[in-house]
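Please keep the sequence and the model in view while reading the points below.

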Amino acid sequence: MWLEKLNTAIKEKGYSIERIKRTIEDRGEKLSRPSISNILNGKQVPNLNTLLLIADAIDIEVVTLFTNEENKKPSGFIEYDSKIYRIQSKSDLENLITLVE
C-alpha cells in the first residue's frame with residue numbers, strides 16, 4: 001500500500017529519481033540513484049530514515065503513505081533498527097518518528 005501511494009505521489013508531482021536524489025543531496029543527505037530505484041520498484045524495503053528522506057524530498061508527509069483510505073488511519077509495518085513496528089494509528093507513526101529523530 002505505501003509503495004503504491006509513494007509512486008503515485010511521485011508521478012502526480014512529476015518527480016524523477018534523479019530529482020529526488022538531488023533534493024536529498026541538497027538537504028545534506030545521501031541516497032544513491034540505484035537505491036531509490038530499487039525502493040520504488042519494490043526490490044528493496046527502505047528503513048524509516050530512508051523513507052522519511054524520500055517523502056521529504058517529494059514534499060509529502062510519510063504518514064499519508066500509511067493511511068488507510070477507508071478509515072484514514074495509518075496502517076502497516078516499518079522496520080527500524082532491526083525491529084519491526086506495527087503501525088495502526090497516527091500516534092504509532094509519530095512515536096516511531098520521534099524515536100528515529
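Gly28 counts as exposed, because its relative accessibility is 64%, and exposed means over 50%. This glycine sits in the loop between α2 and α3. The model discussed here is a predicted one.

**Gly28 and the end of α2**

- Gly28 follows α2 and has a positive phi, near 85°.
- Between the C-alpha atoms of Gly28 and Lys90 the distance is 28 Å, and the two residues are 62 apart in sequence.

**Overall architecture**

- The protein contains 5 helices and 2 strands.
- In sequence order, these elements give the pattern α-α-α-α-β-β-α.
- The protein is as compact as a globular protein of its length, because its radius of gyration of 13 Å is close to the 13 Å that the globule rule gives for 101 residues.
- The C-alpha trace spans about 35 × 30 × 25 Å along its principal axes.
- Of the 101 residues in the protein, 41% are buried.
- Among contacts with a separation of 6 or more, 48% are between residues 24 or more positions apart.

**Surface and charge**

**Helix α2 and its buried face**

- Helix α2 covers residues 17–26, and its buried residues are Ile17, Ile20, Lys21, Thr23 and Ile24.
- Viewed down the axis of α2, these buried residues fall within an arc of 165°, so they line one face of the helix.
- The cover over the buried residues of α2 includes α1 (2–13), α3 (33–40) and α4 (48–57).

**Helix α3 and its surroundings**

- Ser35, Ile36, Ser37, Ile39 and Leu40 are buried in α3.
- These buried residues of α3 pack against α1, α2 and α4.

**Thr50 in helix α4**

- Thr50 belongs to helix α4.
- This threonine is buried, because its relative accessible area is 14%, and buried means under 20%.
- Apart from neighbours within four places in sequence, Thr50 is in contact with Leu31 and Ile39; Ile39 is one of the buried residues of α3.

- Asp59 is not a glycine, yet its phi is positive at about 60°.
- Asp59 lies in the loop between α4 and β1 (76–80), and its relative accessibility of 60% makes it exposed.
- Asp81 is likewise a residue other than glycine with a positive phi, near 55°.
- The loop between β1 and β2 holds Asp81, which counts as exposed at 60% relative accessibility.

**Gln88, between β2 and α5**

- Gln88 is located in the loop between β2 (83–87) and α5 (90–100).
- Its relative accessibility is 45%, so Gln88 counts as partly exposed.
- Leaving out residues up to four places away in sequence, Gln88 touches Lys73 and Pro74.
- Gln88 and Ile58 are 30 residues apart along the chain, and 24 Å separates their C-alpha atoms.

**The start of the chain**

- Met1 is part of the segment before α1.
- With a relative accessible area of 47%, Met1 is partly exposed.
- Met1 and Phe66 are 65 residues apart along the chain, while their C-alpha atoms are separated by 7.2 Å.

Technical notes: Residues numbered from 1 in each chain as written. Predicted model: local features only at pLDDT ≥ 70, side-chain atom pairs only at ≥ 80, totals over all residues. Heavy atoms only, no water. Buried < 20%, exposed > 50% of the residue type's maximum accessible area, 1.4 Å probe, protein only. Helix = DSSP H or I, 4+ residues; strand = E, 2+ residues; numbered from the N terminus. Arc of directions from axis to C-beta. Contact = heavy atoms within 4.5 Å. Rg over C-alpha atoms; globule rule 2.2 N^0.38 Å.
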